[in-house]
Amino acid sequence: MKHLVFGLLILTSSLAAAADKPVHLFILSGQSNMAGMNPKLGFEPEAAKLFPEAEVAYIKVAVGGQPIRLWVTEWDEIASKHGLDAAKVRANDKTKGTPYYQQILDQFAALLKKHPNPASVTFCWMQGERDAREGLHPAYADALQQLVANLRRDLKQPNMNVVIGRLSDHGKPTDANWQAVRKAQVDLAKADSRGAWVDCDDLNNKEKNGVMTDDLHYTREGYELLGRRYVRQAKALINGQKPAESGRPD
């Protein structure tokens with residue numbers, strides 16, 4: 001959970017690409033399982049395959065072990081509404097405010113200077129482990145909905161697509177906190193006309209001393225598949241098609 005990966009602007013398009021090609025922009029953000037996803041191993045190849053006549057560009061802002069409150073300015077108000085003591089929760093935070101949200105705004109602004117008229121914008125989110133473990137699940141659904149609304153407003157992208165990575169099966173069925181966050185993620189994706197979700201239950205299976213374990217973090221192959229699933233679900237949304245309801249697009 002301590003693995004840190006701060007987003008840098010990376011463009012997947014060829015330098016020789018025609019200026020009139022449509023451009024699809026992606027925002028990749030979240031905590032450790034987004035940080036651990038190397039877009040070059042899954043996301044970029046799938047994007048090149050599914051958008052052969054277009055450019056794809058993205059930013060990545062992902063930091064291990066971080067709660068959603070560091071992306072959502074209104075989190076304290078949301079938490080209080082759900083009976084949580086926001087001040088107590090934040091008392092031991094080493095990071096204050098919403099620095100990762102601001103990074104998204106700053107990097108996206110830089111991206112728009114290169115691509116001022118994108119054909120689409122898609123937000124890909126992989127986060128929630130920290131909130132589940134801290135017992136902050138009551139506020140998670142509203143916080144995630146607020147984050148999406150804030151991005152659409154502040155990025156001036158009201159038609160932004162949203163693809164949510166659902167927490168894996170690392171948390172067992174008896175873990176009510178974990179299951180509540182999983183449900184909130186899928187519920188948001190299904191309720192949003194421009195939303196989809198990605199199933200991660202098969203991405204974290206690791207063998208340790210001959211025993212198969214549902215690890216918190218994913219395998220190398222799992223991270224590659226995560227990136228591919230993000231692109232596949234986004235492609236369906238961009239084309240006005242129904243994304244895979246199972247979270248596992250072919």
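Lys40 is exposed, with a relative accessible area of 51%, where exposed means over 50%, buried under 20% and partly exposed in between (1.4 Å probe, protein chains only). The model is predicted: local features need pLDDT of at least 70, side-chain atom pairs count only at pLDDT 80 or more, and totals for chains, interfaces and linings use all residues. Residues are numbered from 1 along each chain as its sequence is written, and side-chain values use heavy atoms, with hydrogens and water left out.

**Salt bridges**

- The whole structure holds 22 salt bridges, each defined as a side-chain nitrogen of Lys or Arg within 4 Å of a carboxyl oxygen of Asp or Glu.
- Between Lys40 and Glu44, the closest N and O atoms are 3.5 Å apart.
- Arg130 and Glu134 pair at 2.4 Å, N to O; Arg130 is partly exposed at 23%, and Glu134 is partly exposed at 32%.
- Arg166 and Asp201 pair at 3.0 Å, N to O, linking distant parts of the chain: Arg166 is in the loop between β6 and α8, Asp201 in the loop between β7 and β8 (205-208), 35 residues apart.
- Arg166 counts as buried at 14% relative accessibility, and Asp201 counts as buried at 16%.
- A network of salt bridges links Arg166, Arg182, Asp199, Asp201, Asp202, Arg229 and Arg248.

**Asp131**

- Asp131 sits in helix α6; helices (H or I, at least four residues) and strands (E, at least two) are DSSP runs numbered from the N terminus.
- Asp131 is buried yet has no salt bridge, and the nearest side chain of opposite charge, Arg69, is 5.0 Å away; Lys and Arg count as positive, Asp and Glu as negative, while His and the chain ends are not counted.
- Beyond four places in sequence, Asp131 touches Pro67, Ile68, Leu136, His137 and Tyr140, contact meaning heavy atoms within 4.5 Å.

**Helix α8**

- The 16 residues of helix α8 (residues 176-191) should span 22 Å, and the end C-alpha atoms are 22 Å apart, which agrees; the expected span is 1.5 Å times one less than the number of residues.
- Buried residues of α8 include Trp178, Val181, Arg182 and Leu188.
- The cover over the buried residues of α8 includes α6 (129-133), α7 (140-154), β6 (161-165) and β7 (195-198).

**Pro249**

- Pro249 lies in the segment after α9 (220-238) and counts as buried at 10% relative accessibility.
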